[in-house]
Amino acid sequence: AAEQCQAPLVCPDAASQATMACPGEVIEGENVFGLVPQLFSGTVGYADFLFSITDQAFVFRDGQLFPTASFVDSLTQSVKIILVFFTPQYGITSVLTVDADMSQSVSVAIEVRVQHFAILEGFQLLGY
């Protein structure tokens, strides 16, 4: 079994085989996984392409190799996945948003939203 306790978290030897990565200090304003912190509606977070962490075993950034299996760890409070689809034939853009709130100790709260946006042009635009 691979060790779950890895940088930037540091654990005693006994905890290095734990199922969940050991808790560490809250990381604020520092790069995580080679990602620069960004402001999202007043909340600091880290943005990445979904395929970077789901379709690869590792990502290489800033001269370091990061295992993608530990991208979401015990310090992660929330995850937001935004998928955008476009159907040229119908001129519709669909946005699927999945919010996972992991800040509660009992379970993960999941919220799913789907939004559709239609392109209006020609007579449709004039009628609007």
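User: Contact means heavy atoms within 4.5 Å. With that settled, which residues is Thr97 in contact with, leaving aside its neighbours within four places in sequence?

Analyst: This is a predicted model, so keep that in mind throughout. With those neighbours left out, Thr97 is in contact with Lys80, Ile81 and Ile82, and also with Glu111, Val112 and Arg113.

User: Where does Thr97 sit, and is Thr97 buried or exposed?

Analyst: Thr97 is found in strand S6. Thr97 is buried, at a relative accessible area of 6%; the cut-off for buried is under 20%.

User: What does Ile82 touch, not counting residues up to four places away in sequence?

Analyst: Val95, Leu96 and Thr97. For Ile82 and Leu96 there is a distance too: their C-alpha atoms are separated by 5.8 Å, and the two residues are 14 apart along the chain.

User: How many bridges join S6 to S7?

Analyst: 10 bridges, between S7 and strand S6, which covers residues 92–101; the two run antiparallel.

User: How many of the 10 residues of S7 are buried?

Analyst: Zero of the 10, so S7 lies largely in the open. Val114 has its place in strand S7, and Val114 counts as exposed at 52% relative accessibility.

User: Which residues make up the nonpolar patch on the surface?

Analyst: Val108, Ile110, Val112 and Val114. Together they have about 360 Å² of accessible area.

User: Switching to electrostatics. How many salt bridges does the structure hold?

Analyst: Four. One of them pairs Arg61 with Asp48, where the closest N and O atoms are 2.6 Å apart. Arg61 belongs to strand S3 (residues 58–61), while Asp48 is in the loop between strand S2 (43–45) and helix H1 (50–54), so the pair ties together parts that are 13 residues apart in sequence.

User: What are the N to O distances, starting with Lys80 and Asp99?

Analyst: The side chains of Lys80 and Asp99 meet at 3.7 Å, N to O. This pair links distant parts of the chain, as Lys80 is in strand S5 and Asp99 is in strand S6, 19 residues apart. The salt bridge between the side chains of Glu111 and Arg113 has an N to O distance of 2.8 Å.

User: And the accessibility of Asp99, Glu111 and Arg113?

Analyst: Asp99 counts as buried at 17%. Glu111 is partly exposed, with a relative accessible area of 43%, and Arg113 is partly exposed too, with 31%.

User: Zooming out, what's in the chain overall?

Analyst: Two helices and seven strands. Starting at the N terminus, the order is β-β-α-β-β-β-β-β-α.

User: What share of the residues counts as buried?

Analyst: 19% of the 128 residues. The chain has about 9900 Å² of accessible surface, and carbon and sulfur atoms account for 59% of that.

User: Last one: what share of the contacts comes from residues 24 or more positions apart?

Analyst: 27%, taken over the contacts in the chain with a separation of 6 or more.

Conventions. Residues are numbered from 1 along each chain as its sequence is written. This is a predicted model: local features need pLDDT of at least 70, side-chain atom pairs count only at pLDDT 80 or more; totals for chains, interfaces and linings use all residues. Side-chain values use heavy atoms; hydrogens and water are left out. Two strands pair if DSSP finds at least two bridges between them. Helices (H or I, at least four residues) and strands (E, at least two) are DSSP runs, numbered from the N terminus. Patches are made of residues with over 30% relative accessible area and no salt bridge: like charges are joined within 9 Å, nonpolar side chains (Val, Leu, Ile, Met, Phe, Trp, Tyr) within 5 Å. Accessible areas come from the Shrake-Rupley method with a 1.4 Å probe; for residues, only the protein chains shown count as cover. Buried means under 20% relative accessible area, exposed over 50%, partly exposed in between (1.4 Å probe, protein chains only).
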